[in-house]
Protein chains: 6
Amino acid sequence: MKNILTFGEILVRLSSNQGKRLSEANTLHVNYGGAEANVAVSLAQYGYRTSIFSRIPDHEISKGILHYLKGYDVNTNLIQLKGTRIGTYYLEVGAGNRSSKVIYDRAHTSITELTPEDLDYETIFKDQELLHVTGITPALSDNLVQVTECLFKEAKARGILISFDFNYRAKLWSKETAGQVFKRLLSYVDICSCAELDFIHLLGYEQESERLSYPERLTTYYKKLSKEYDNIAVLFSTKRENLSASTNQLTGYFYTKGQLYESPLFSIDHIIDRVGGGDAFVSGVLHGYLSNWNEQNIIDFATAASVLKHTILGDANIVTEEEVNNMLNNGSQINR
Amino acid sequence: MKNILTFGEILVRLSSNQGKRLSEANTLHVNYGGAEANVAVSLAQYGYRTSIFSRIPDHEISKGILHYLKGYDVNTNLIQLKGTRIGTYYLEVGAGNRSSKVIYDRAHTSITELTPEDLDYETIFKDQELLHVTGITPALSDNLVQVTECLFKEAKARGILISFDFNYRAKLWSKETAGQVFKRLLSYVDICSCAELDFIHLLGYEQESERLSYPERLTTYYKKLSKEYDNIAVLFSTKRENLSASTNQLTGYFYTKGQLYESPLFSIDHIIDRVGGGDAFVSGVLHGYLSNWNEQNIIDFATAASVLKHTILGDANIVTEEEVNNMLNNGSQINR
Amino acid sequence: MKNILTFGEILVRLSSNQGKRLSEANTLHVNYGGAEANVAVSLAQYGYRTSIFSRIPDHEISKGILHYLKGYDVNTNLIQLKGTRIGTYYLEVGAGNRSSKVIYDRAHTSITELTPEDLDYETIFKDQELLHVTGITPALSDNLVQVTECLFKEAKARGILISFDFNYRAKLWSKETAGQVFKRLLSYVDICSCAELDFIHLLGYEQESERLSYPERLTTYYKKLSKEYDNIAVLFSTKRENLSASTNQLTGYFYTKGQLYESPLFSIDHIIDRVGGGDAFVSGVLHGYLSNWNEQNIIDFATAASVLKHTILGDANIVTEEEVNNMLNNGSQINR
Amino acid sequence: MKNILTFGEILVRLSSNQGKRLSEANTLHVNYGGAEANVAVSLAQYGYRTSIFSRIPDHEISKGILHYLKGYDVNTNLIQLKGTRIGTYYLEVGAGNRSSKVIYDRAHTSITELTPEDLDYETIFKDQELLHVTGITPALSDNLVQVTECLFKEAKARGILISFDFNYRAKLWSKETAGQVFKRLLSYVDICSCAELDFIHLLGYEQESERLSYPERLTTYYKKLSKEYDNIAVLFSTKRENLSASTNQLTGYFYTKGQLYESPLFSIDHIIDRVGGGDAFVSGVLHGYLSNWNEQNIIDFATAASVLKHTILGDANIVTEEEVNNMLNNGSQINR
Amino acid sequence: MKNILTFGEILVRLSSNQGKRLSEANTLHVNYGGAEANVAVSLAQYGYRTSIFSRIPDHEISKGILHYLKGYDVNTNLIQLKGTRIGTYYLEVGAGNRSSKVIYDRAHTSITELTPEDLDYETIFKDQELLHVTGITPALSDNLVQVTECLFKEAKARGILISFDFNYRAKLWSKETAGQVFKRLLSYVDICSCAELDFIHLLGYEQESERLSYPERLTTYYKKLSKEYDNIAVLFSTKRENLSASTNQLTGYFYTKGQLYESPLFSIDHIIDRVGGGDAFVSGVLHGYLSNWNEQNIIDFATAASVLKHTILGDANIVTEEEVNNMLNNGSQINR
Amino acid sequence: MKNILTFGEILVRLSSNQGKRLSEANTLHVNYGGAEANVAVSLAQYGYRTSIFSRIPDHEISKGILHYLKGYDVNTNLIQLKGTRIGTYYLEVGAGNRSSKVIYDRAHTSITELTPEDLDYETIFKDQELLHVTGITPALSDNLVQVTECLFKEAKARGILISFDFNYRAKLWSKETAGQVFKRLLSYVDICSCAELDFIHLLGYEQESERLSYPERLTTYYKKLSKEYDNIAVLFSTKRENLSASTNQLTGYFYTKGQLYESPLFSIDHIIDRVGGGDAFVSGVLHGYLSNWNEQNIIDFATAASVLKHTILGDANIVTEEEVNNMLNNGSQINR
């Protein structure tokens with residue numbers, strides 16, 4: 001078993017019932033999310049000792065977050081209770097031909113005020129073996145760009161593996177700024193989640209010819225990046241086909257040592273909640289990678305985990321390894 | 001921006017949860033509907049100043065109707081608070097292979113007692129540019145046949161456009177009576193929604209050969225009707241394929257000046273609520289027509305609007321023009 | 001065990017959550033009620049074979065009524081499925097200083113169309129030993145005045161006991177008409193529920209001096225009525241003190257053979273639903289009377305039964321004899 | 001109309017909302033089920049006088065069961081109120097790629113303590129014409145194996161038809177024990193529901209070659225069994241294709257006098273609740289068979305009934321014959 | 001009828017079910033509030049043409065606010081859609097011995113960024129006759145102190161009545177700052193709500209001797225203030241006795257021209273929601289005052305209105321004048 | 001900070017909505033309880049490191065228990081996942097004059113199968129300083145009588161404080177057996193909760209004269225017991241007056257070294273949930289005692305904690321020390 005640290009904002013999510021517009025909702029469901037919290041929860045279900053380094057205000061709503069994380073076996077000792085605002089987002093759950101809609105309310109939150117001076121490396125990194133952060137964290141404030149870099153540097157120095165998920169959010173910052181920051185961060189990264197659009201819009205790569213298949217194009221991008229940053233050991237991402245808000249198709253890709261591995265094509269019908277599907281995928285990859293599974297197993301498991309997430313209301317993938325494997329063996333792949 | 005008047009009954013709708021039979025429901029959802037109210041609400045979301053001329057009793061349930069209409073920007077000044085019964089309908093929401101079921105409770109309602117004597121044309125038609133009524137209104141009582149005719153006559157005299165949607169309901173009156181009334185009303189109509197079965201069963205047209213495609217047959221009917229009533233400028237309707245109560249396919253048709261325009265074929269999966277889909281379609285056509293869009297844009301937009309309605313619980317299409325266009329551009333058409 | 005027949009309308013009740021105005025309710029609770037149905041259900045819980053003679057339309061909502069009545073052991077064989085409207089009422093549940101509010105929607109309902117021609121006495125009265133009707137039934141239509149009289153006459157002729165509860169409702173008819181009808185009906189009645197205001201406003205009695213206590217005044221009224229109608233064997237009623245919509249006090253009175261019996265004063269706090277409290281009281285009296293309990297036991301039990309009803313959401317008093325007695329023995333009487 | 005008796009455990013079912021794991025559910029829906037109760041309820045909706053012979057404790061939860069069964073016209077006079085435990089099961093409702101999950105809590109329940117000494121045949125079998133039991137009943141305890149055999153023997157002696165549904169549940173007993181018991185029971189059976197896996201795993205038949213189509217293989221099994229037990233007049237089963245927890249395909253098979261009849265292939269999308277689908281099918285077959293319909297009608301109706309069950313939350317198929325036929329005529333068969 | 005303008009923040013309120021701590025809530029009720037919005041809504045129910053000047057972001061959540069205000073007849077034309085944050089507060093609804101708890105999340109909201117430059121007096125004050133603001137508005141930001149002063153000055157200049165409610169909130173600013181600002185604002189005020197603690201803690205008055213009764217002490221404070229600011233025509237406040245979170249007692253006081261008027265003592269049991277009770281009181285006073293009622297009527301009506309508010313879930317007092325008067329006449333005063 | 005161990009069954013609680021009988025409930029609230037779990041949760045909120053030694057089956061429902069306990073900071077490492085049944089109880093929540101009703105379903109549960117052989121004392125008692133058990137645990141099975149004695153003996157030997165709460169439940173065993181077991185257990189106990197009826201019915205004490213006040217009688221009983229078992233350092237209990245299911249009065253008593261300390265009399269109105277009130281009281285006493293508070297503080301705090309519990313839905317007292325003290329200082333004591 002391994003100790004895993006994530007770093008990022010923990011959010012309160014308020015979502016309407018399916019079929020109700022946010023503007024007419026008279027009750028909202030409360031869940032807790034945030035990309036890094038989702039990964040911490042998912043990995044805890046696979047048996048890891050996960051912690052999240054974060055900051056939230058010291059009040060009743062934060063208590064709900066702590067109950068939730070502890071209840072799902074995430075260590076909360078590194079969460080600082082400080083500041084005044086908790087990150088919040090409103091989710092209008094889509095259905096059929098109406099997409100889901102997200103409204104962020106995460107300006108001026110507690111975590112955005114975190115500075116390098118607040119970092120007690122000894123406490124933060126004690127016993128950790130892997131640090132996972134997504135591109136959302138540095139997007140939240142200039143402070144957090146610095147803090148993320150400091151943490152990456154220090155983790156590297158301590159021989160801790162670094163996992164990074166691009167997770168670019170246009171609502172939070174521009175492509176230019178994101179690209180610059182990501183390029184600096186990439187030099188520390190061992191394990192990396194990014195896809196074609198990230199290469200083109202954030203890293204400035206030229207789009208490969210559309211005559212190439214998607215896997216062929218992806219292989220090219222991954223190869224180039226691996227050459228540029230030889231610290232990156234593995235790269236991965238999913239490709240999603242939106243037939244409607246309720247019906248999707250999903251394929252996962254995992255690249256290492258010059259070779260791309262592709263999962264089966266999964267059909268996802270009757271989607272309950274696709275938020276957190278990406279975090280479930282990353283968690284699956286991390287679990288397979290840290291367990292030294294073979295590459296095909298890793299990508300099959302991770303994609304199946306992501307598929308399963310779509311059936312659960314809430315951000316986190318509350319499933320066990322056994323449940324993912326059951327789905328993988330009895331599930332819904334489409335022949336190609 | 002244009003001022004639009006609708007005339008019809010405003011209904012309280014009581015619906016069960018999906019998966020529950022009405023006979024075992026212990027809670028019911030309250031929504032407000034009625035074909036003309038739905039059109040008024042939808043057009044208000046597109047930016048029109050809409051009013052509804054109607055009558056409901058003066059009690060707490062009616063207050064809920066007024067709150068609802070005002071909240072969605074429909075002017076309620078022409079709603080008379082009088083009489084004793086409010087129109088009600090119970091909706092058992094279908095799913096999969098079980099169709100939705102409607103039970104009307106709209107006999108002896110306030111609006112059915114409205115007579116031509118109650119019509120203060122100056123007030124009713126002040127600043128109006130279009131009057132929309134559906135075939136449900138005259139179906140409710142003999143009084144309302146008269147009132148509808150009076151309003152059509154007076155509107156015509158004042159140069160107000162008249163929009164009429166057949167909306168034949170077998171639960172309310174016979175095909176014979178409906179056909180007779182509709183024929184009289186048609187001589188005032190500028191904008192008209194009706195489909196193949198209306199021609200055959202209400203207007204007494206002979207069914208065109210099934211060797212003709214549906215668009216070909218529809219074109220024939222529309223042509224004939226346009227010749228008969230040269231006041232009718234545009235005709236339109238949708239064709240729905242019921243794969244199940246949860247999965248439909250929809251195509252829209254718009255006819256003007258001898259030519260039929262066809263929308264893409266939309267696949268509608270995971271239907272939340274198909275009630276009001278027709279009213280959403282009519283509202284879309286009216287918006288496009290009043291905005292002088294080209295014909296293809298009108299029918300594409302209107303059909304997309306109707307599709308979007310299926311994702312929202314309640315009778316009315318609470319969406320903006322921008323949201324319809326987003327769906328149209330990113331949506332779920334099926335290649336033919 | 002005895003066979004009991006009631007006659008009256010069965011209603012669908014739609015009530016808002018406590019704290020919500022009807023005009024803003026987006027869900028309503030469905031219950032079934034009607035004074036005579038409530039008595040039938042309560043007596044069935046005490047072990048009687050009860051039936052209700054009534055008429056409702058033949059549709060899904062009526063099915064819910066049948067499921068409910070059968071589930072609580074009321075025989076539904078005498079319910080005719082005919083006509084088009086089901087009686088409905090909306091209940092805004094009060095709380096604290098805001099009273100409950102009722103909106104009736106029971107004009108033109110199926111039962112109002114019932115005529116003496118529809119009465120098949122053999123079937124209706126087969127094996128019955130007591131007929132219970134309230135003043136609401138004849139209030140619903142002229143037809144029902146006639147039907148009630150016919151039933152009373154025929155029941156009398158067959159030696160069936162007749163129980164009548166005044167239950168005057170100002171929303172349904174005038175005091176004058178009610179008084180005239182009630183006077184005619186009283187000549188058949190054996191068991192009668194009425195209180196001071198009924199004597200003054202409906203029967204035209206002069207108000208007794210306020211220097212007399214309430215029990216003294218009531219004794220006087222009851223004596224007079226007993227003299228006038230010597231067929232009436234017992235008379236009874238409750239006196240309610242409304243401290244708020246949530247807190248009441250209740251005393252029961254039972255009169256027979258010249259003597260008035262008074263229950264303890266019950267304090268009722270935290271009222272969940274007071275609708276049907278009177279029907280629960282009548283049911284308690286009928287049970288005690290038919291069981292030949294002594295007078296004090298009858299009135300104590302009946303009042304306790306009514307008190308218990310206030311703790312249950314819905315019109316009917318879903319409690320057993322044992323539960324009423326438990327409350328009576330451990331309950332909440334106030335010393336005077 | 002015919003009198004039908006079923007024998008089996010009546011269960012309380014506690015199910016989570018779709019999208020919620022049982023481990024995070026804070027409310028659970030209460031329904032009542034049990035294979036034999038489901039058949040009794042479904043047949044009562046088709047107009048039969050059904051009873052269930054069972055045992056449950058004498059407390060408030062059992063009262064709910066009695067209200068439910070009576071409300072849906074099932075006679076409860078043969079239900080003994082005795083013992084201490086009520087059978088319970090928790091249902092995690094699946095969706096999309098996550099299957100439903102059932103947790104039984106039915107050890108030591110009241111019915112398991114029933115012994116042959118408790119059987120008063122005169123009362124139990126009075127006026128009955130058919131006895132239906134499933135393989136779940138003898139699976140619950142050794143006592144119940146005996147009781148089932150006694151009832152079968154006695155029913156046979158009285159000329160009552162015996163219907164048996166294998167319904168093998170691995171959570172309750174081993175294949176070996178089940179097989180032995182079923183073989184003994186089969187010698188009494190007239191009407192029997194079992195499918196390919198039952199033949200192979202319980203009756204020890206060899207699997208027919210996969211080169212044969214499923215209907216061909218099934219015909220072979222059915223023929224053999226009919227030869228072995230010439231008391232069995234009809235055999236039937238369904239074949240289900242699980243595309244996901246929300247989308248299935250279903251075909252029904254009915255065998256009699258050497259010939260197999262096959263229903264259309266039904267597509268079932270948007271599944272609300274598939275529990276009880278098998279009981280709905282059996283009920284449909286029994287109805288058709290007892291009504292002397294032709295074989296194709298029987299299997300079409302029964303399969304359509306089962307399909308319709310998937311749209312209703314709860315174990316029982318609360319639909320009328322008319323509703324099944326409507327679905328059959330307008331429904332969702334797939335061309336093959 | 002009069003035109004009334006209020007100025008202040010409009011809040012989204014998220015509240016837990018009674019009996020649930022916020023930290024364990026999985027659903028929250030959505031209501032909309034804010035002291036000035038509450039007054040605007042209440043006065044609109046009394047028949048005034050009310051507007052609110054405010055600023056909220058341009059997104060789906062704000063749409064809900066607009067639907068709500070329009071639905072209850074508040075003009076929203078002066079609400080600017082700008083900025084990024086909407087004011088939010090979480091309410092843990094108390095019960096019995098546990099008080100309600102409020103968590104504000106209203107830093108950096110749209111309205112706090114409003115500056116005097118944003119004020120278009122012509123538009124804002126067009127046709128207005130009274131401006132109502134509470135001490136919460138200037139508490140939200142330094143900008144809003146300035147804006148409030150500018151509006152008061154300009155209103156004064158235009159002969160518009162100014163109503164001010166101290167509404168001091170310790171969670172928003174210190175007593176010192178509030179006191180300084182309030183003193184400046186008071187010189188414009190005509191109608192003023194403040195109570196004993198405001199005099200002592202904000203205005204620096206010495207506490208009057210406790211040997212004086214509360215009305216005597218209040219009279220002294222009011223007299224002094226009236227002397228200091230002779231522009232203030234009327235002063236008023238309530239005195240609340242908290243017997244528990246569910247049971248309170250309330251008295252209202254109204255002072256003008258040297259004399260104090262006292263309402264009956266109201267007992268408030270079974271409190272549903274006491275938030276907004278003060279705003280309901282102020283609205284009642286404003287209505288009485290603008291209607292030129294006599295002083296005793298004003299204070300009785302206003303206090304009764306406040307009492308009624310406690311029975312309604314949500315911030316605003318959704319009641320008519322008639323309903324308040326009914327309560328006043330049939331209600332729950334306690335004899336002293 | 002101290003380490004505290006409790007030992008007992010953890011239960012799933014299923015409760016109806018207030019106003020709903022269990023027999024008509026269609027949804028049930030899920031909470032988790034059990035006297036010892038409640039104490040563990042409450043003490044964890046006061047800052048203790050608490051653990052519970054227990055056994056539950058290894059399935060999804062147990063997962064919910066683990067999430068809950070971990071979320072509220074109770075260590076679950078000593079919970080064995082074994083056996084087949086989870087203890088369950090149904091709660092019909094009372095209101096006003098209708099008491100709450102509990103139906104246990106806890107026969108044959110996992111914990112009842114625990115034997116002395118399963119006890120690994122080293123693991124169980126590692127670092128523990130106090131062991132708390134109630135009389136419910138030995139009531140569940142003969143095994144558990146033995147296990148409790150073994151644990152008490154071993155704890156004593158290790159110098160661990162032993163806290164015992166009589167908690168006699170007539171539904172689980174007879175007074176005689178309970179009395180015998182309790183007498184044996186008492187010889188190990190340091191801290192003990194028991195009240196007058198326990199002395200009379202379980203320990204066989206003679207009832208003290210009713211001319212003595214309750215505190216006087218209690219002092220006598222406590223003195224006698226302290227003489228008999230000089231190991232008992234402190235004794236305590238509450239006295240509850242049931243005015244109704246919604247309104248109670250509560251006084252706490254704490255006895256040590258020959259002297260009885262009495263809390264104020266607390267009025268409890270608007271009771272949400274009184275289950276767990278006793279466990280909240282014991283937790284309060286344990287906290288005060290372990291913190292070396294003075295006796296009056298201990299009993300005031302503990303009683304206030306119990307009062308606060310009545311305002312929270314669910315078994316456990318989810319409040320902090322600060323919240324109890326706030327209530328104590330601002331709360332609802334009644335003058336005597």
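Guide: Contact here means heavy atoms within 4.5 Å of each other. The model is predicted, so local features need pLDDT of at least 70 and side-chain atom pairs count only at pLDDT 80 or more, while totals for chains, interfaces and linings use all residues. Residues are numbered from 1 along each chain as its sequence is written, chains are lettered from A and ligands numbered from 1 in the order in which they are written, and side-chain values use heavy atoms, with hydrogens and water left out.

Visitor: How do you know that chain A and chain F meet through the same surface?

Guide: Of the interface residues of chain A, 100% are also interface residues in chain F, so the copies meet through the same surface.

Visitor: What superposes chain E on chain A?

Guide: A rotation of 180°, with 0.0 Å of shift along its axis, gives an RMSD of 0.0 Å. E:Leu28 is the residue of chain E that comes closest to this rotation axis, its C-alpha being at 2.7 Å. Because 100% of the interface residues of chain E are also interface residues in chain A, these copies too meet through the same surface.

Visitor: Why is A:Thr320 called buried?

Guide: Its relative accessible area is 18%. Buried means under 20%, exposed over 50% and partly exposed in between, with a 1.4 Å probe and protein chains only. A:Thr320 therefore counts as buried.

Visitor: Where is A:Thr320, and what is it in contact with?

Guide: It sits in the loop of chain A between helix H10 (295-309) and helix H11 (321-330). Helices (H or I, at least four residues) are DSSP runs, numbered from the N terminus. Neighbours within four places in sequence left aside, A:Thr320 touches A:Gln45, A:Tyr46 and F:Lys63.

Visitor: What makes E:Phe281 buried?

Guide: A relative accessible area of 3% puts E:Phe281 in the buried class. This residue belongs to helix H9 (residues 277-290) of chain E. Beyond four places in sequence, its contacts include E:Phe236, E:Tyr253, E:Ile299 and E:Ala302. E:Phe281 lies 20 residues from E:Phe301 in sequence, and their C-alpha atoms are 8.6 Å apart.

Visitor: Is D:Glu176 buried or exposed?

Guide: D:Glu176 has 54% relative accessibility and so counts as exposed. D:Glu176 is in helix H6 of chain D.

Visitor: Why is H1(A) called oblique to H9(A)?

Guide: In chain A, helix H1 (residues 35-45) packs against helix H9 (residues 277-290) at about 45°, the axes being 9 Å apart, and that makes H1(A) oblique to H9(A). The contact joins residues of H1(A), among them A:Ala35 and A:Leu43, to residues of H9(A), including A:Asp279 and A:His287. By class it has four nonpolar, four polar and one charged residues. Under 35 degrees counts as roughly parallel, over 145 as roughly antiparallel, 65 to 115 as roughly perpendicular and the rest as oblique.

Visitor: How do you know that H5(D) and H6(D) are roughly parallel?

Guide: The axes of helix H5 (residues 142-157) and helix H6 (residues 175-186) of chain D cross at roughly 15° and come within 10 Å. H5(D) and H6(D) are therefore roughly parallel to each other. D:Val145, D:Thr148, D:Glu149 and D:Phe152 of H5(D) meet D:Val181, D:Arg184 and D:Leu185 of H6(D). That contact divides into four nonpolar, one polar and two charged residues. Charged covers Asp, Glu, Lys and Arg; nonpolar covers Ala, Val, Leu, Ile, Met, Phe, Trp, Tyr, Cys and Pro; the others, Gly among them, are polar.

Visitor: What makes H5(E) roughly parallel to H6(E)?

Guide: In chain E, helix H5 (residues 142-157) and helix H6 (residues 175-186) pack at about 15° with axes 10 Å apart, which makes H5(E) roughly parallel to H6(E).

How values were computed:
Helix = DSSP H or I, 4+ residues; strand = E, 2+ residues; numbered from the N terminus. Axes fitted to C-alpha atoms, helices over the stretch in contact; angles between N-to-C directions. Least-squares fit on C-alpha atoms with pLDDT ≥ 70 in both.
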